[in-house]
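Thanks, everyone; I would like to walk through a few local features of this model. Please have the sequence and the structure open while I talk.

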Amino acid sequence: MTTPPSSPAARLLDFWRVFRRNRMGVAGLIMLAVIVFVAVFADAIAQYEVRSSIAVTTSDIYQPPSAQHWLGTDDAGKDVFSNFIYGARVSLIVGFFAAFISIIIGGVIGIVAGFFGGRLENFLMRFTDIMLVIPDLPLMVVIVALSKPSLLNIIFVIGLLGWTTTARIVRSQTLAVKSRKFVLRARAIGAGKAHIIRHHILPLVMPILVVNAVLVVSLAILNESTLSFLGLGDPTALSWGQMLNYAFGRGAMSTGAWWALFAPGFGIVWVVLGLTLFGHGLEQVLNPRLETHHLMNPRSTVKNEATGQPLRHATGERAALDKPILLQADSLSISYINEGKPRARAVENVSFTLREGELMGLVGESGCGKTTLMLGLLRLLPAAGQIVNGEVWFGDTELTALSDEEMEAVRWKGISIIFQGAMNALNPVRTVGDQIAEAIAKHDTTMKGDALDARVSEMLELVGISPEHKKHFPHQYSGGMRQRAMIAMALACNPKVVVADEPTTALDVMIQAQVLELLDSLRKRLGLSIIFVTHDLGVVAEMCDSVLVMYGGVLAEYADVDTIYNNPRHPYTQELLKAFPDLTHPDKRLTSIPGYPPKLDELPAGCRFAPRCPLVFERCRVEEPKVISIGERHMASCHLLERMKPE
């Protein structure tokens with residue numbers, strides 16, 4: 001009977017198969033195993049009873065190593081090797097238990113402060129700063145001196161005062177991980193805060209915790225040695241620190257009894273070195289990106305639709321625009337509000353409709369509010385981003401009025417998103433198949449085991465990836481495969497609307513064409529409605545049914561794609577088309593738009609395009625234009641159009 005793939009035993013076996021290839025990690029594990037074995041079986045290994053002084057004479061004091069005493073004797077005539085064996089117990093207990101307390105406290109404070117932020121972060125970090133200012137060792141001396149110098153007290157004192165560095169390191173790592181796109185993607189699929197911390201934050205924080213634990217354990221052992229040296233150690237417990245204390249305080253150096261210092265010193269170095277090597281090996285396993293990148297098997301090719309139809313051109317057949325409306329934004333406004341800074345009006349009074357089976361292109365220069373608009377539709381804005389006006393309707397549901405829990409039910413099952421930069425949107429320490437399964441399991445708790453595994457394989461096959469690659473990590477995929485995997489994840493819960501935020505960024509031309517063809521074929525096959533964010537007007541002409549042009553956070557022009565390309569009315573749309581090469585007119589000279597889009601917290605008084613507009617007149621500089629309807633499904637915001645009668 002084989003072990004199920006998802007069982008803890010199978011995962012442990014997989015971990016060992018990877019870990020054993022790291023020689024340094026295995027060496028460290030062996031070193032730690034040896035010293036732990038020695039400590040556990042001290043009664044059987046030690047030659048002499050360390051608590052007994054029977055038959056010890058003055059001639060036995062500081063005897064050099066011999067066949068009778070392998071590491072010589074100490075100032076009391078006792079066997080140093082036996083003391084070393086029994087001392088390993090106490091030193092390891094103090095080191096590991098105190099380090100465990102410090103890592104737990106520091107890790108929890110660091111993760112909570114970094115993930116939740118705000119006033120809670122300020123309070124926790126100011127408290128950490130205060131603790132860092134107070135010297136650890138003098139405070140330990142005072143506390144241990146005022147309390148009973150027992151082994152348990154020493155463990156708690158060292159553990160409770162040694163977490164500050166861990167907290168700061170973990171907080172900085174959490175802040176870095178929290179800003180990664182795969183955390184936003186986890187929020188989009190409906191994952192709660194506890195799930196994100198457990199499955200996305202903690203796996204990436206764990207390697208640095210493991211490495212930091214090495215330092216904490218060594219510091220705990222050294223602190224115990226220092227306390228013992230000052231006479232504050234537990235007199236009933238023999239540790240390596242006590243051995244060093246007795247050797248220094250009772251003349252081992254002056255009499256040349258180096259062996260009395262060598263044994264406990266060697267034990268401390270052995271443990272610290274073993275932990276260092278073991279921690280390095282664990283980091284290699286816990287962070288798969290540190291592995292060598294191997295050549296992949298040839299990628300599976302994408303199967304075309306049965307019709308075999310090529311990509312459509314701007315003059316080709318368009319999706320019917322009389323189908324039911326799935327998504328509608330009505331005067332949506334989004335601002336970034338930071339205390340002490342001007343409000344950044346990233347999106348203002350933007351309206352559009354998305355119908356069943358429609359592909360809408362969202363174009364404009366960088367910084368014009370496209371991504372902010374998309375994140376606002378899914379309520380995935382950062383903490384400073386707020387929807388200040390307008391409504392978003394998904395069918396009969398107004399999304400801005402939903403609670404966070406209600407919105408989680410809409411994301412991924414109703415509206416999903418393909419994030420820009422697939423490598424950043426995938427968690428580097430989890431397999432691609434596991435991340436697709438996470439999205440499915442969040443919205444269908446009944447799908448488990450073989451059914452869930454089969455669904456993951458089905459989604460990968462849908463986008464042209466062989467199911468055998470589901471156990472691979474993102475860095476083992478090519479750029480095109482990662483983007484296909486993101487598409488598979490976006491479709492995993494059968495959404496009605498998919499937001500594609502520049503899905504072909506950083507891909508070469510051939511891979512871009514494959515991804516675009518895949519999106520278009522899936523749209524036709526599954527009846528999806530897609531919002532396609534892009535800078536490529538050629539892609540818009542080939543694929544889209546309608547186009548929304550944004551500039552400076554406002555709607556510049558909105559119409560079907562034929563109107564945008566053949567009869568643009570806004571000067572910004574006209575200038576964008578002038579900068580786009582037209583293969584039907586190879587002699588056409590391309591021109592760029594002078595200047596840059598406005599800063600969203602320093603907007604001009606009138607029209608936001610006025611400083612760059614070739615048709616600007618005085619009214620444009622003082623009065624912001626309104627959105628005017630100039631035809632069926634054709635809107636634009638320009639003072640030049642106000643003389644026309646709205647239809």
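In which helix does Arg482 lie? Arg482 lies in helix α18, residues 479–490, where helices are DSSP runs of H or I with at least four residues, strands are E runs of at least two, and both are numbered from the N terminus. Before I go on, this is a predicted model, in which local features need pLDDT of at least 70 and side-chain atom pairs count only at pLDDT 80 or more, while totals for chains, interfaces and linings use all residues. Residues are numbered from 1 along each chain as its sequence is written, and side-chain values use heavy atoms, with hydrogens and water left out.

Arg482 is buried, at a relative accessible area of 17%; buried means under 20%, exposed over 50%, and partly exposed in between, with a 1.4 Å probe and protein chains only. Its side chain reaches the backbone oxygen of Tyr477 at 2.7 Å. Leaving aside residues up to four places away in sequence, Arg482 touches Ala422, Met423, Leu426, Pro474, His475 and Tyr477, contact being heavy atoms within 4.5 Å.

Phe41, by contrast, is partly exposed, with a relative accessible area of 42%, and is found in the loop between α2 (23–40) and α3 (42–45).

Turning to the sheet, four strands form an open, antiparallel arrangement in the order β2-β1-β4-β5, where two strands pair if DSSP finds at least two bridges between them. β2 (344–355) and β5 (397–398) stand at the edges with a single partner strand each, so one side of each has no neighbour in the sheet. Strand β4 (residues 385–394) pairs with β5 over two bridges, and Phe394 has Thr397 in β5 as its bridge partner.

Methods. Polar contact = N/O pair within 3.5 Å; in protein donor to acceptor, adjacent residues only side chain to side chain.
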